[in-house]
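Dear colleague,

I am passing on the structure below, together with notes on what was found in it. Please read the notes with the coordinates open beside them.

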Amino acid sequence: MDRRNFLKAGALGAAMTIASTVSFPAYGKPGRRKGKSGKLKLSFEPYELKLRHAFNLAKSQRTTTPDVQVKIEYDGITGYGEASMPPYLGESVASAVAFLSRLDLGKFNDPFMIEEIHDYMDSVAPDNRAAKASVDIALHDLLGKIMGQPWYKIWGLDPRKTPDTSFTVSYDADPDELDAKIDEASPYKVIKIKMGLDHDKELVEAIRRKSDAPICVDVNQGWTDKEQALEMCHWLNEQGCLFVEQPLPKEMYDETAWLRERSPLPVIADEFLQRLPDVRRAAQAYDGINIKLMKCTGMHEAYKMAVLAHALGMKVMLGCMTETSCGISAAAQLSPLADWADLDGNLLIANDRFDGVKIVEGKIALPDRPGIGVKLL
Ligand code: MG
């Protein structure tokens, strides 16, 4: 045997040794199995989320959030998902049920075809982003359970790097009530406030009398004058604020770019963007993006958005709607990639159906369970 053949034979022998001595865990091969359907089965049901405290809007009050709970079954394993649809996003239980009824997931016999399933959903109808997210989340839960691993591990993320989550304090004209709300936020390390309403400065000053926790400011497009917005950014910077989210209407793109150039605080896009193709345009006018599963069709696209945003030098924030622990735990799987998280949606409802991610000393604690990490209560 010459040297070349000797080396070849040696390498083959080594490979055979590895193959015969290493046993791989039975993660469950995709495809048809004896006695099982080998096809994806989608089911869904409307589920009204009951809010612990009424949401006060400009002209009305809201005490519930429309929601659809979703299941995907495959080979005896169930993945859970949900679509939460606060009315301002333009989806409803009726639109989600209509969209989900049009899906034929039975045509897929390999649940690992995530990209194909998303392409298929986009081909069935545009928009319907929360409805698509419900399928995406259930699919990820199912896949994680098949692989026996949580998604943060599948993505190779360090669970110690989860950020603190913020807790929202809203203004109250009664100083005692306002003090009580600020006290309620004391277990959290970051406070979030809504601005662009009356009493903006009063609210910050009241918080600062009782707490030195950093404050995240969400203006919800509420400022309309770029010069005044810049003045507020300087003032908020002196008050120990971290960033300002959607300070100007999303249509005021050039003005936002102008503000970002001058603001001492990072300017974060929320209403401005929905899905992956919006990230690149956001990079020209904003310092970061707020990713929400219900806006971007779920975990698959959210992951891509976070990676792209970081590659473009942007900050990443993870947000949510009022959701059960299902949607929140799904988003939390991505949280080691986020600079900031606002994942308190499950804490705001009285009828959570799931046990999942927890907040421990203000920080997101990822459960050590496969998939999105939830258990039906
Ligand atoms: Mg926002």
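**Backbone, metal site, rings and spaces**

Asp127 has its place in the loop between helix H3 (114-124) and H4, where helices (H or I, at least four residues) and strands (E, at least two) are DSSP runs numbered from the N terminus. This is a predicted model, in which local features need pLDDT of at least 70 and side-chain atom pairs count only at pLDDT 80 or more, while totals for chains, interfaces and linings use all residues. Residues are numbered from 1 along each chain as its sequence is written, and side-chain values use heavy atoms, with hydrogens and water left out.

Although Asp127 is not a glycine, its phi is positive, at about 55°. Asn220, in the loop between E8 and H8, is another residue other than glycine with a positive phi, near 50°. Most residues other than glycine have a negative phi. Asn220 counts as partly exposed because its relative accessibility is 30%, given that buried means under 20% relative accessible area, exposed over 50% and partly exposed in between (1.4 Å probe, protein chains only).

The magnesium ion has as its protein donors Asp218 (OD), Glu245 (OE) and Asp270 (OD), at 2.1 to 2.4 Å from it. Asp218 belongs to strand E8 (residues 215-218) and Asp270 to the loop between strand E10 (267-269) and helix H10 (277-282), so this pair ties together parts that are 52 residues apart in sequence. Along the chain, the donors follow the spacing D-x26-E-x24-D, and both Asp218 and Asp270 are buried. Donors here are N, O and S atoms within 2.8 Å of the metal (3.2 Å for Na, K and Ca), and because water is not among the atoms, sites may look incomplete.

There are 8 aromatic pairs in the structure. In one of them, Trp151 and Trp155 have ring centres 5.2 Å apart and planes at 55°, so the pair is tilted; rings of Phe, Tyr and Trp (its six-membered ring) pair if their centres lie within 6.5 Å, with planes under 30 degrees apart counted as stacked, over 60 as edge-to-face and the rest as tilted.

Two arginines are placed over tyrosine rings: the charged end of Arg281 sits over Tyr253, 4.0 Å from the ring centre, and Arg353 lies over the face of Tyr47, at 5.3 Å from the ring centre. The rule asks for NZ of Lys or CZ of Arg within 6 Å of the ring centre and within 35 degrees of the ring normal.

The second largest pocket holds about 160 Å³ of space, and helix H8 (residues 226-238) gives the most to its lining, with 5 residues. Among the lining residues are Lys201, Trp223, Asp225, Glu231 and Trp235. A pocket is an open set of points on a 1 Å grid over the protein atoms alone, with protein on both sides within 12 Å along at least five of seven lines, whereas in a cavity a 1.4 Å probe fits but cannot get out; lining residues have an atom within 4 Å of a point. Points are joined across faces, edges and corners, and a volume is the space filled by probe spheres set on them.

By this rule there are 3 cavities of 30 Å³ or more, and the largest cavity holds about 50 Å³. Its lining includes Ser84, Glu91, Arg129, Gln274 and Lys295.

With best regards
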